[in-house]
Amino acid sequence: DEQLDRLIRMVSDMLDVTRIKKGKLDLIYSDVELSSAMREMITRIPGEKTELRLHLNESVVIACDLFRLEQVIMNLINN
């Protein structure tokens, strides 16, 4: 199951690259409280990954596509 999930993510990433090159990647912006979003993402990382700690001194709200932000963060962590 883990390998299948990884393969699906890789194919999805390749499709996204194609969409970006063609200027057809749709982004859905919303206001996101960054520390809450990051904490949520960290909880979904499998337990065997290196220990991660998040230190944010203040609440920061950004306008972003939360799905794409999560995609970028998870790619950084997994790589």
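Helices (H or I, at least four residues) and strands (E, at least two) are taken here as DSSP runs and are numbered from the N terminus. On that basis Ala63 belongs to strand β2, which covers residues 61-64. The model is a predicted one, in which local features need pLDDT of at least 70 and side-chain atom pairs count only at pLDDT 80 or more, while totals for chains, interfaces and linings use all residues. Residues are numbered from 1 along each chain as its sequence is written, and side-chain values use heavy atoms, with hydrogens and water left out.

**Overall architecture**

The protein chain contains 3 helices and 2 strands, and these follow one another along the sequence in the pattern α-β-α-β-α. Its C-alpha trace spans about 40 × 30 × 15 Å along the principal axes. Of the 79 residues, 18% are buried, where buried means under 20% relative accessible area, exposed means over 50%, and partly exposed lies in between (1.4 Å probe, protein chains only). The chain exposes about 6600 Å², of which carbon and sulfur atoms supply 56%; accessible areas come from the Shrake-Rupley method with a 1.4 Å probe, and for residues only the protein chains shown count as cover. Where contact means heavy atoms within 4.5 Å, 82% of the contacts between residues at least 6 apart in sequence join residues at least 24 apart.

**Helix packing**

Two packed helices are described by the angle between their axes and the distance between the axes. Axes are lines fitted to C-alpha atoms, for helices over the stretch in contact, and angles run from 0 to 180 degrees between N-to-C directions.

| Helix pair | Axis distance | Angle |
|---|---|---|
| α1 (residues 2-21) and α3 (residues 66-78) | within 13 Å | roughly 120 degrees |
| α2 (residues 34-43) and α3 | 11 Å | about 55 degrees |

The angle between α1 and α3 makes this pair oblique, given that angles under 35 degrees count as roughly parallel, over 145 as roughly antiparallel, 65 to 115 as roughly perpendicular and the rest as oblique. Their contact is made by Ser12, Asp13 and Asp16 of α1 together with Arg68, Gln71 and Asn75 of α3. By class, this contact has no nonpolar, 3 polar and 3 charged residues, where Ala, Val, Leu, Ile, Met, Phe, Trp, Tyr, Cys and Pro count as nonpolar, Asp, Glu, Lys and Arg as charged, and the others, Gly among them, as polar.

Helix α2 is likewise oblique to α3. Here Leu34, Ala37, Met38 and Met41 in α2 meet Leu66, Leu69, Glu70, Ile73 and Met74 in α3, and by class the contact of α2 with α3 has 8 nonpolar, no polar and 1 charged residues.

**Selected residues**

Asp16, in helix α1, is buried, with a relative accessible area of 6%. Residues up to four places away in sequence being left aside, Asp16 touches Leu25, Arg68 and Gln71.

Thr18, also found in helix α1, counts as partly exposed at 41% relative accessibility. Its C-alpha atom is separated by 24 Å from that of Ala63, 45 residues apart along the chain.

Ala63 itself counts as exposed because its relative accessibility is 56%. With residues up to four places away in sequence not counted, Ala63 touches Tyr29, Ser30 and Asp31. Asp5 and Ala63, by comparison, are 58 residues apart in sequence and 28 Å apart in space, C-alpha to C-alpha.
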